[in-house]
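Please open the model in your viewer and keep the sequence panel beside it. The tour below goes from one selection to the next and says what can be found at each stop.

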Amino acid sequence: MVEANKALRADKLTAVKGMNDVLAPESAAWEWLEAKVRALMARYAYRNIRTPIVEPTALFVRGLGEVTDIVEKEMYSFEDRLNGEALTLRPECTAGVVRAVVQHSMLYDGGKRLYYMGPMFRHERPQRGRYRQFHQIGAEVLGFPGAEVDAELILLADALWRELGLTGIRLELNSLGQPAERLAHRTALVAHLEKNVAGLDSDAIRRMHTNPLRVLDTKNPAMAEIVETAPRLLDFLGDSSWAHFDALRAILDANQLAYTINPRLVRGMDYYNLTVFEFITDRLGSQGTICGGGRYDYLVEQIGGKPAPAVGWALGVERVLELVREEGRTPAPVVAEFYAIVPDTSAVPFAMKALQMLRSAGRSVQMHAASGEAMGSMKAQFKKADASGARFALVFGADEVAHGSVTVKPLRECDGEQTTHTIMNLLAWAQTLQSNA
Ligand code: ATP
Ligand code: MG
């Protein structure tokens with residue numbers, strides 16, 4: 001018995017603001033999504049990678065760019081009190097994957113197709129679809145320069161939406177060209193921003209000369225007009241950038257994957273070049289971007305590796321799952337097949353031995369764990385068994401236990417009458433069951 005001790009009871013501790021617990025039955029939707037992703041990644045021959053949640057702060061400052069929302073105001077950075085290292089909770093995973101690829105010389109024998117799942121951390125204002133700990137699933141392909149890899153990644157994401165039963169997701173595409181093209185565009189963009197300086201917010205004014213492209217990524221509606229009339233990067237692309245963009249579009253067209261070209265799409269990190277894209281839904285309010293990505297051919301070099309092209313995307317798990325809910329696609333809750341009813345504590349050792357046998361044969365069993373007063377009457381236990389959603393109750397009554405057997409009572413109409421089995425026969429009988437899932 002756990003005795004309540006009022007004098008010792010401390011104030012309740014709660015989770016950090018913007019960081020959420022995922023509880024059952026909602027966690028079943030997470031497992032469902034993760035299983036779908038694993039199966040799909042296997043079909044595209046992508047391999048799993050797991051990198052640390054904490055990385056050196058320099059990795060993100062160098063990788064994402066100093067003048068970006070994430071690095072300027074969203075990172076959980078701290079000094080390790082024990083050795084003074086500057087560390088950061090990862091705000092995204094591309095930089096970490098690239099660091100790992102470089103550190104382990106993973107490209108020595110050719111390109112790699114990788115995927116990850118896990119928590120990311122950004123100090124943002126918590127609201128629907130925006131949290132301080134959130135989760136991403138991402139795919140990264142390193143070592144291949146061609147547009148067919150960009151296309152493969154986009155087709156992979158699109159296949160995932162179909163696997164999840166999601167509709168009404170649109171794809172927006174743009175090309176950010178190459179550094180020299182960006183430089184020419186930058187001059188024109190700065191001139192445009194200077195001309196309209198009266199309409200810029202303080203962030204934009206600060207960034208106008210340090211990182212003017214970031215101004216186009218603003219979420220401030222008051223600046224929409226200035227962004228809309230800004231010079232378009234697409235008008236500065238040379239032949240080879242256009243060739244890459246056209247090759248990507250030809251593959252998407254051949255696969256009947258619809259997209260719109262959004263010349264304003266620039267994404268939030270500095271590492272992108274050529275292809276950028278987002279998958280967007282109108283059903284989640286203003287947090288409608290569920291997945292974003294693009295090519296980042298210079299990041300490997302920037303993080304200290306031998307130059308290698310790369311491209312990838314990341315999706316927001318919370319947003320995708322909210323869309324799943326919006327579409328009424330809630331996956332079935334996980335229930336055990338059997339619920340064990342043990343009316344007397346003396347039967348517990350025998351019952352638990354039988355349950356272990358069932359479980360090692362691959363069956364799922366929930367035990368009515370209670371002894372003494374908390375055990376409840378047979379009737380109360382049956383009620384629990386029924387509420388658990390299990391298909392059968394296993395009754396370990398005194399009679400049954402005396403004969404080394406157990407009574408199986410169907411809890412659902414379609415399964416007919418109750419039967420009694422010795423423990424040895426129970427296994428064989430369970431094997432004959434048709435799945436009624
Ligand atoms: P937004 O423009 O909404 O801030 P972002 O461009 O910062 O998104 P990315 O860095 O591209 O987002 O991350 C990819 C995906 O991760 C986003 O499309 C979104 O689905 C998800 N995501 C990003 N930040 C958050 C957050 N704070 N909470 C929940 N999901 C997020
Ligand atoms: Mg953001």
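Between which helix and which strand is the loop that holds serine 105 found? Select serine 105, and you are in the loop between helix H4 (94–103) and strand S5 (112–121), where helices (H or I, at least four residues) and strands (E, at least two) are DSSP runs, numbered from the N terminus.

Before going further, note that this is a predicted model, in which local features need pLDDT of at least 70, side-chain atom pairs count only at pLDDT 80 or more, and totals for chains, interfaces and linings use all residues. Residues are numbered from 1 along each chain as its sequence is written, chains are lettered from A and ligands numbered from 1 in the order in which they are written, and side-chain values use heavy atoms, with hydrogens and water left out.

**Backbone stops**

Stay on serine 105, whose phi is near 45 degrees, a positive value in a residue other than glycine. Serine 105 has a relative accessible area of 45% and is therefore partly exposed; buried means under 20% relative accessible area, exposed over 50%, and partly exposed in between (1.4 Å probe, protein chains only).

Next, select arginine 267, in the loop between strand S8 (260–261) and strand S9. Its phi is also positive, near 65 degrees, in a residue other than glycine, but arginine 267 counts as buried because its relative accessibility is 11%.

Then move to alanine 24 and proline 25, which are joined by a cis peptide bond with omega at about 5 degrees. Proline 25 lies in the segment before helix H1 (26–43).

Now select S9 and S10, which run antiparallel and are joined by six bridges; two strands pair if DSSP finds at least two bridges between them. Valine 276 has glycine 294 in S10 as its bridge partner. On from there, S10 pairs with strand S11 (residues 310–316) in the antiparallel sense over five bridges, and the bridge partner of glycine 294 in S11 is glycine 312. S10 is mostly covered, with six of its seven residues buried.

In the loop between strand S9 (273–280) and strand S10 (289–295), select arginine 283. At 36% relative accessibility, arginine 283 counts as partly exposed. Leaving aside residues up to four places away in sequence, arginine 283 touches Arg128, Leu323, Glu326 and Glu327, where contact means heavy atoms within 4.5 Å. Arginine 283 and glutamate 326 are 43 residues apart in sequence, and their C-alpha atoms are 7.7 Å apart in space.

Which way do strand S14 (residues 392–395) and S15 run, parallel or antiparallel? They run antiparallel, joined by four bridges, and alanine 393 stands opposite lysine 409 in S15. S15 also pairs with strand S16 (residues 419–422) in the antiparallel sense over four bridges, with threonine 407 opposite threonine 420 in S16. Five of the six residues of strand S15 (residues 405–410) are buried, so S15 is largely enclosed by the rest of the structure.

Finally, select asparagine 211, in the loop between helix H7 (202–210) and helix H8 (212–215). Asparagine 211 is buried, with a relative accessible area of 11%, and touches Val67 and Asp270, not counting residues up to four places away in sequence.

Around this stop is the second largest pocket, with a volume of about 480 Å³. Of the 22 residues that line this pocket, the closest to its centre are Pro179, Arg182, Asn211, Leu213 and Asp270. On a 1 Å grid over the protein atoms alone, a cavity is a set of points where a 1.4 Å probe fits but cannot get out, and a pocket is an open set with protein on both sides within 12 Å along at least five of seven lines; lining residues have an atom within 4 Å of a point. Grid points are joined across faces, edges and corners, and a volume is the space filled by probe spheres set on the points. The largest share of the pocket lining, six residues, comes from H6.
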